[in-house]
There are 2 protein chains.
Amino acid sequence: MKPLRVGLAGLGTVGSYVASLLLTRGALLEERTGRTIQLTAVSARERNRERGIDLSGLAWCEDAVALAARDDVDVVVELIGGADGVAKSLVEAAFTAGKHVVTANKALIAHHGTSLARAAEQKALGFYYEAAVAGGIPIIKTLREALVVNEVKRLYGILNGTCNYILSQMAGTGRAFEDVLREAQELGYAEADPAFDIEGTDAAHKLSIVASLAFGSAVDFEAVSCEGITRVSALDIQAARELGFAIKLLAIAEGGGDGVRCRVHPAMVPVGTPIADVGGAFNAVFIEADPVGKLMLQGPGAGAGPTASAVLSDLGDLARSLLIPAFLRPAASLHKVPGGDQRSREGSFYLRFTAVDRPGVIAEIARILAVRGISIESIIQRGRDPGAAVQVVMVTHETSEASMAQALQEIGMANNVVETPCMIRIEAF
Amino acid sequence: MKPLRVGLAGLGTVGSYVASLLLTRGALLEERTGRTIQLTAVSARERNRERGIDLSGLAWCEDAVALAARDDVDVVVELIGGADGVAKSLVEAAFTAGKHVVTANKALIAHHGTSLARAAEQKALGFYYEAAVAGGIPIIKTLREALVVNEVKRLYGILNGTCNYILSQMAGTGRAFEDVLREAQELGYAEADPAFDIEGTDAAHKLSIVASLAFGSAVDFEAVSCEGITRVSALDIQAARELGFAIKLLAIAEGGGDGVRCRVHPAMVPVGTPIADVGGAFNAVFIEADPVGKLMLQGPGAGAGPTASAVLSDLGDLARSLLIPAFLRPAASLHKVPGGDQRSREGSFYLRFTAVDRPGVIAEIARILAVRGISIESIIQRGRDPGAAVQVVMVTHETSEASMAQALQEIGMANNVVETPCMIRIEAF
């Protein structure tokens, strides 16, 4: 059989790792796939950077997009990143030129997944992206192939290792968010511009992709309700622990009568449950589906090794000529579905207020909640400082998002409440 | 594209569930695989049993083996079970007649996997068995496809839900093994003849299969060192908890310089680790591989729904014409590898003796251990009853299996030790 010839764009840590695996594990890959997978051409910004790999036998493209047009390339591996720009041009050019595409680019897929899937399908090409979600965890293959007969009810998990690292460090050390973030940046766990991670955008990108696979809908990043971890304080983490919870940035997609509801937000989960125990930079995905029941997949969510492993999984599928539509169904059948009414969600809530320590403050807050039919499970004023601002922490019984949103708005305007209240959802899966 | 026509042998709970999914989710399967998967013929012992499914449009074979010869069958799904007998005859006949095979039969694969893989390969047929290991967990697909570039270092987990249920119940209630087993049988979690489960044979079957996939060796059930849970007492469970451990039946396969070492045995694992938290009838598989790192997959290890989900995963692959050798590599390259020297394993041990409560007994045991270079971390005599038999519980520091085996033999022959000592390995992954 003819070799599968690979053109690789992007030689950062992941790209270099992929190149080195292709160069050093060729025999293993050939034994396992029955076909030679051959790296023929590469492209990167700097040609002469030291990467620890020997590129001398490979063609070099100054312009990544030129990889798509090469006769010695059957599949383009796009590891440049970014929702638009060169990455998008390259992938579009690849499909136009009749080349398969493997990518780790979640932003690209979250924003342009459906149209790119259509372009791939028109030429009967593969468009694979195992590395885009949850690093080395085979979540795409599981949803696309292993669960072929299943109806997914709910999918949730920890999809951003940076946030999980920061929250785990905050819980372990009691330190403040900004402190831990700075350290994470120094250690390389967080980017110099951390907004994509800590605002929840990265997790929302990934969630929009797996939701499409799981529920058969078009990728719809805009429909994901998204809230990051920047407002989670050391006090919240400590109060959560006292209440028997850990705080995690969760990504949740739920099917139901009114559509597919996707949301990313910090949540309190009971200590001692598997999701609370996912530590450090790990990712975990939980799938509830019929008839399989509940599956959990856990592993490293980022890093050169895990990401390269996932890229090679896609190349292995292409080497075996496995062609599955990018989102499992024919692109023409991928429709945007209603995002569901986020405000219809029911659950308990953790609330934290900064309020002036004055008789009647808690009574006023309690009254506002009572008017909305929200009953209080516990309420704790942390410290005493008459006339000055103190923290009040509260847990409600089950109520709706809509009621809570109204109550929060009113509480925020109450006389003795200073600062916007902090609300964290409690999830008991 | 022509439909993939399925002949199904065995209509117990799993078989009936598979049939009902094929009959009711045809449209879903066709949308996702691009091909009709059509159930055409079935075989079971009793034709007229009520199964809640409508078999009227299907051909009925009194003799399961006759399914293999039918012109309207492209793939035989074997859900009869058993390492030999009808199941084996059917699978062999299927390959002879040019039909693919999907099976959930771990005993068959553990004993005849390599020769059956060869038979399938000679005719370029699929021989798939996702349902044979860990129920609904996609462990076969993960090892066969997702980890295509990885070198597996170690694979371990909980592969028998019955044993995990019994041990979890013993831990939760403090009750004795026999009690909990009887209850498990009444609830349907254990078979009337539970030997296959509680002696570790079922877990060993499964381990031999995944070890072959992970390490590229021939399936070698005989090489698995196997010890069941029948000697685990309520006292061991209680002592384990006091020492900070849970007791689990583990299946472990380790690659290394001297071969692939496979073993199934009860082990103490630290409380609070993911493997200790796997409860009830769940299964979990941990994979340590390069470059992916550490993956964990957890889910329901048995039951009609999860098993049927896995059978359909295989049928989905066949519908997409995905043909991968049964054990990933060409059958000719599957060789038995040395089982490694089990006795070279190093680790800590938990020991329990029944000894006559008499001065000098513990000194004698300690002396025997010291002679072998085994140092003691803790030793506790449980209760006092001068002149009568009492229980002595001990934890050693790291030592080799070989030293421990010698010491145990000598301790068993010591004057004041009655009964064979109980030894449980401590695993700290």
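This report describes strand pairing in chains A and B of a predicted model, and then one residue of chain A.

## The parallel sheet of chain B

Chain B has an open sheet of six strands, arranged in the order 3-2-1-4-5-6 and paired in parallel. At its edges are strand 3 (59-61) and strand 6 (127-128) of chain B, each of which pairs on one side only. Strand 6 of chain B is joined to strand 5 (residues 100-103) of chain B by two bridges, in the parallel sense. Within this part of the sheet, Val101(B) stands opposite Phe127(B), a residue of strand 6 of chain B.

A helix also packs on the sheet: helix 3 (residues 85-96) of chain B touches strand 1 (4-9), strand 4 (75-78) and strand 5 of chain B. The direction of helix 3 of chain B makes about 170° with that of strand 4 of chain B.

## Antiparallel pairs in chain A

Strands of a sheet can pair either parallel or antiparallel, through backbone hydrogen bonds. In chain A, strand 7 (residues 151-158) runs antiparallel to strand 11 (residues 282-290), and seven bridges join them. Glu151(A) stands opposite Asp290(A) in strand 11 of chain A.

Strand 7 of chain A also pairs with strand 9 (residues 245-256) of chain A, in the antiparallel sense and over four bridges. Here Arg154(A) stands opposite Glu254(A).

## Glu31 of chain A

Glu31(A) is part of helix 2 (residues 26-33) of chain A. Glu31(A) counts as partly exposed because it has 15 C-beta neighbours inside 10 Å. Leaving aside residues up to four places away in sequence, Glu31(A) touches Arg329(B) and Ser333(B).

Conventions. Residues numbered from 1 in each chain as written. Chains lettered and ligands numbered in written order. Predicted model: local features only at pLDDT ≥ 70, side-chain atom pairs only at ≥ 80, totals over all residues. Pairing = 2+ DSSP bridges. Contact = placed C-beta atoms within 7 Å. Axes fitted to C-alpha atoms, helices over the stretch in contact; angles between N-to-C directions. Buried ≥ 20, exposed ≤ 12 C-beta atoms within 10 Å, placed from the backbone.
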